[in-house]
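My notes follow in the order in which I looked.

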Amino acid sequence: MTTIKIGTRNSPLALWQAHEVESKLQNLGFQTEIVPILSSGDKNLDQPLYALGITGVFTKDLDIALLNNEIDIAVHSLKDVPTQLPNNIQISAVLERDFSEDVLVRNSDSEPLDLEVLKIATSSLRRRAFWLKEFPETEFTDIRGNVQTRLKKLDDGVANATLFSLAGIKRMNLDVHYEQIPFMLQAPSQGVVAIASKIDNPELSSILKSISHPETEICVSIEREFLKTLEGGCTAPIGAKAEILNNQIRFLGRLCSLDGKNCIETDEIFDWNDSQNFGEKIALKVLENGGKELMEEIKKSL
């Protein structure tokens, strides 16, 4: 191949991800060019994501550029990528997952406050529902923008605290004090950089496969099949975490009502093989255990 054009959103975190992919491709001897593209999700910072009415709000502009051959690959945060991909587009590689969990960041005035009295800034239905499960009286406000923008809004007093993916803080080397929040189960495939390419380019697919991380592939495939089967897209309060422990998979899954009062959770350990769809299998059990009715309730509310 000649130069591989790498499409990315133009936020600092997205560009960090693109440079990570670029480095791995350059180490294999390939020429690269980074092509920043402004996404629809970045253009509209006034509405929460669930109010925009579409999935793939951060990925569709890159999808279009990919299909129009303006770029060769698109680099995404995998949690932003819908489980139903456009025709002729596939996830060809994932980098090794680093930091998957959510953490709490307060403004300086809120350090002494207990968790249950904090006003939380987040536009994530998952984060709201999982927080309400523990603290049902919490007041929320919407917040959008990149990590730096949200930190500035927090300092300006929009709320006492907000929730971040730890990956964003670590990758940006931000000097930010954060708190671990064990009850905040992560979004499916959170903390994973994904590379999308066109299916009809097998030469490029082979190149990308060589930089993919096999263990991360296994874990995120289970998480995304769990999400896909529950039909949550990017909007329903769904959490999932698969990890490899001593040659087995431990899977944690959760589906909550929007107010956090009704939650269905699963915690399973199993031997993995590539002939079974474990994410689908576990999600079907959740649906049979009241999840179907819960998903219908969420869809009506949205």
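**Pocket, sheet and helix**

I began with the second largest pocket, where strand E4 (89-94) and helix H8 (214-230) each supply at least two residues of the lining; helices (H or I, at least four residues) and strands (E, at least two) are DSSP runs, numbered from the N terminus. H8 gives the largest share of that lining, 6 residues.

I noted that this is a predicted model, in which local features need pLDDT of at least 70 and side-chain atom pairs count only at pLDDT 80 or more, while totals for chains, interfaces and linings use all residues. Residues are numbered from 1 along each chain as its sequence is written, and side-chain values use heavy atoms, with hydrogens and water left out.

Next I looked up the open sheet of 5 strands, which has the order E7-E6-E8-E5-E9 with mixed pairing (two strands pair if DSSP finds at least two bridges between them). Its edge strands are E7 (140-141) and E9 (179-180), each pairing on one side only. I found E6 (residues 120-121) and E8 paired in the parallel sense over 2 bridges, with Ala121 opposite Thr162 in E8.

Last, I turned to helix H5 (residues 147-155), where Val147, Arg150, Leu151 and Leu154 are buried, that is, under 20% relative accessible area with a 1.4 Å probe, protein chains only. Seen down the axis of H5, these buried residues fall within an arc of 100° (taken from the directions from the helix axis to the C-beta atoms), so they line one face of the helix. Their cover includes strand E5 (102-106), helix H4 (125-134) and strand E8 (161-165). Just after H5, I noted a positive phi of about 95° at Gly157.

Technical notes. Buried < 20%, exposed > 50% of the residue type's maximum accessible area, 1.4 Å probe, protein only. Contact = heavy atoms within 4.5 Å.
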